[in-house]
Structures are given as structure tokens and as C-alpha cells.
Amino acid sequence: MEQKLLAEKTKKKLQEAAQSGNVDSVIDPPSPIIRHVKWKMARTKKTGEMTIEAAKEIAEKIVSHFQLTITIMFEYFENAMYHCVFSVRDSFEEQATQGSFVPHGR
């Protein structure tokens, strides 16, 4: 199953390269398949249904946990970027008041 997924990812990368006109560029190997994706696929029938109800419930928990993790990470980085930008601006303003930095323009 993992080899099949890796082959599909490689095929998709090649198609994207062909569409963008970068056929001559080196195609990097695909990244490994994420563990929860393999877990879900191993428990999914060809019809798209989960093999048992318990697997469906666990898969839903995995997806909601993954979405929550992404949301938390996004908020953390957004907050860190905000503080970084204002810290740099405050530093320049302090240097300007001391005369060690002379701003030009706006």
C-alpha cells in the first residue's frame, strides 16, 4: 500500500512538472506517507467506507486532532510573527531617538 501511495505521489509530481514545462528539472522523491494517512487507508474499503464503525470514529478523532494541531500551530506562528515585527520596529524607533539610526523616507 505504501509503495502504491508513493508511486501515485511521484506520478502527480511528474504531471505537475509536465504542466508547468519543467520536464527537464530533477524531480525530488516524494515525502514519506504520513502515519495517520496509512492507518486510515488500511481500514478503508474500496467503496470508501471504513471497515468497522470503531475505525470510523477513530479516523474522525484523528482528523479533528490534526485540524486542531494545525490551527494551534498557525495561531502560534502568526502571534510570533506579530511580536517579531513590532520588536524590530520598536528597536528601530529606539535607535532613531538615540541618533544611531537615521530613517530615510516613510
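The questions below set values of this model against the definitions behind them.

Guide: This is a predicted model, in which local features need pLDDT of at least 70 and side-chain atom pairs count only at pLDDT 80 or more, while totals for chains, interfaces and linings use all residues. Residues are numbered from 1 along each chain as its sequence is written, and side-chain values use heavy atoms, with hydrogens and water left out.

Visitor: How do you know how many helices and strands the chain has?

Guide: Helices are DSSP runs of H or I with at least four residues, and strands are runs of E with at least two, numbered from the N terminus. The chain has three helices and zero strands, which gives the pattern α-α-α along the sequence.

Visitor: Why is Pro 29 called exposed?

Guide: Exposed means over 50% relative accessible area, buried under 20%, and partly exposed in between, with a 1.4 Å probe and protein chains only. Pro 29 has 66%, so Pro 29 is exposed. Pro 29 lies in the loop between H1 and H2. Its C-alpha is 8.7 Å from that of Leu 6, although the two are 23 residues apart in sequence. Of the 106 residues in the chain, 6% count as buried.

Visitor: What makes Glu 2 and Lys 38 a salt bridge?

Guide: A salt bridge needs a side-chain nitrogen of Lys or Arg within 4 Å of a carboxyl oxygen of Asp or Glu. Between the side chains of Glu 2 and Lys 38 the N to O distance is 3.5 Å, and the pair therefore counts as a salt bridge. Glu 2 sits in helix H1 (residues 2-20) and Lys 38 in helix H2 (residues 35-42), so the pair, 36 residues apart, links distant parts of the chain. The structure holds one salt bridge.
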